[in-house]
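Welcome! Please keep the sequence and the 3D view open as you go.

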Amino acid sequence: MSGLRWRHGIDGGCLSAEWTVSRRPSSMTHPAFKRGALVEVFHGLQRVWVGRLSEPGDDTSQLYATGLLAQADGYMAFDGTAVTDDVDDALTYATANGLSLTYLGDAPANVVPAEEPQKLGALIAMHATANSVRATVRADGILRWEADPTTPTLAILPGVGVLGRADEDFATRVQCRYISSVAGTPPVPDGYAVAEKINADAEAVYDRSTLYVDITDRGLLTATEAGWIAQGILDKFGARLSFTSGVTVNSRQLVTVGGGRVALQTIRAGQMVRFLGARTPSSFAGGAFDVVIGSTDYTDGSGEITLNPLGLVPRTLADIIASVPTIHTALNPMPGAGAVQAA
């Protein structure tokens, strides 16, 4: 086996892993290489990535696996009797019927209805946004609902690089258009309203920028429910400038905040890192600023890890295509690119 590479994302946790296996083109596939097989990546005795095999590489030497939360898009939001908007009921039923993550029954309280049946992955993403948290399944296989960290645990030493900034995904206020009333038999939309949430502090610094999101696909909502969604989008994706690049660091450049060494294999998205002496358009040279890691990319044996900050905007064609939102998008591999994906 060679070329092992894996990625973590702040939304989703374990995202993907890929590697190559040397074998003759005419040889038979090893019985362990079958779709859905459990894939675990270990650093010593510590499991650092877990998922399921999605491409067994029958025609090539390349194998590909996806994280456990990606499996949720293979399930409908169903409680065993009917489609449901209750993420607790849907997750309980799915885990009892093959979804291989661990759910502790601790989903946050705010529930937002939907007009049509939906995939479980879309329900999880909406539920996380409505509660201003992120759904993530890391190497322990447990589904967690987590707010972004506020305290750094890692530090990048001076001289590593420059993080460019952009305002294309920047918003100081979010306006969500929703269906506020229905009439007739069968009921059809009869009235619409707009829920608005504002970050006044960011607006005072960077001026006003509004993100408009149509959430009429969720069906009839109360003002409170629409407000949950608007606030969640603002908390998770707005009110801060975006980044145009990530940084690639080695084990000498990335340390704990106390200066201790860290194993690059154990770094994951969702941690906060402090840049020491880095230069950005909004900070002076010699200063320090904190960034939440939006995604990581590590190749085994390389001695380096790529850290992409939360709010990274797409700059390549592949990233731009990946950032186009769809109603079923549950995970965002480029956090910050395409803010309406969470809605």
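**Exercise 1.** In which loop does P186 lie?

*Solution.* Start with the ground rules. This is a predicted model, in which local features need pLDDT of at least 70 and side-chain atom pairs count only at pLDDT 80 or more, while totals for chains, interfaces and linings use all residues. Residues are numbered from 1 along each chain as its sequence is written, and side-chain values use heavy atoms, with hydrogens and water left out.

Step 1: find the flanking strands. P186 sits in the loop between strand 10 (173-183) and strand 11 (188-198). Helices (H or I, at least four residues) and strands (E, at least two) are DSSP runs, numbered from the N terminus.

Step 2: look at the peptide bond. T185 and P186 are joined by a cis peptide bond, with omega about 0 degrees.

Step 3: visit another loop. S132 is placed between helix 2 and strand 6, and its phi is near 60 degrees, a positive value in a residue other than glycine. For background, most residues other than glycine have a negative phi, and most peptide bonds are trans.

**Exercise 2.** How many helices and strands are in the chain, and what percentage of its residues count as buried?

*Solution.* Step 1: count the elements. The chain has five helices and 18 strands.

Step 1: turn to burial. Of the 343 residues, 45% count as buried; buried means under 20% relative accessible area, exposed over 50%, and partly exposed in between (1.4 Å probe, protein chains only). S132, with 22%, is partly exposed.

Step 2: check the contacts (heavy atoms within 4.5 Å). Among those between residues at least 6 apart in sequence, 65% join residues at least 24 apart.

**Exercise 3.** Which residues of helix 1 are buried?

*Solution.* Step 1: list them. In helix 1 (residues 87-96), V87, A90, L91 and A94 are buried.

Step 1: look down the axis. These buried residues fall within an arc of 95 degrees, so they line one face of helix 1. The arc is that of the directions from the helix axis to the C-beta atoms.

Step 2: see what covers them. The cover includes helix 2 (120-130) and strand 7 (143-146).

**Exercise 4.** Which residues touch the most other members of the largest nonpolar core?

*Solution.* A nonpolar core is a set of buried Ala, Val, Leu, Ile, Met, Phe, Trp, Tyr and Cys residues joined through side-chain atoms within 4.5 Å.

Step 1: name the residues. The largest core has 59 residues, and L91, L120, I124, L143, W145, L254 and L307 touch the most other members. Strand 17 gives the most to this core, with five residues. Apart from it lies another core, of 17 residues, among them A195, A202, A226 and L234.

Step 2: follow W145. Leaving aside neighbours within four places in sequence, the contacts of W145 include V87, L91, I124 and A128.

**Exercise 5.** Which residues line the second largest cavity?

*Solution.* Step 1: define the space. On a 1 Å grid over the protein atoms alone, a cavity is a set of points where a 1.4 Å probe fits but cannot get out, and lining residues have an atom within 4 Å of a point.

Step 1: read the lining. It consists of I156, L163, V247, V273, F275, V291, I293, L307, N308 and P309. Strand 18 gives the largest share, three residues.

Step 2: sort by class. Nine lining residues are nonpolar, one is polar and none is charged. Here Ala, Val, Leu, Ile, Met, Phe, Trp, Tyr, Cys and Pro count as nonpolar, Asp, Glu, Lys and Arg as charged, and the others, Gly among them, as polar.

Step 3: zoom in on N308. This residue of strand 18 is buried, with a relative accessible area of 14%. Not counting residues up to four places away in sequence, N308 touches G246, I293, G294 and S295.

Terms used: On a 1 Å grid over the protein atoms alone, a cavity is a set of points where a 1.4 Å probe fits but cannot get out, and a pocket is an open set with protein on both sides within 12 Å along at least five of seven lines; lining residues have an atom within 4 Å of a point.
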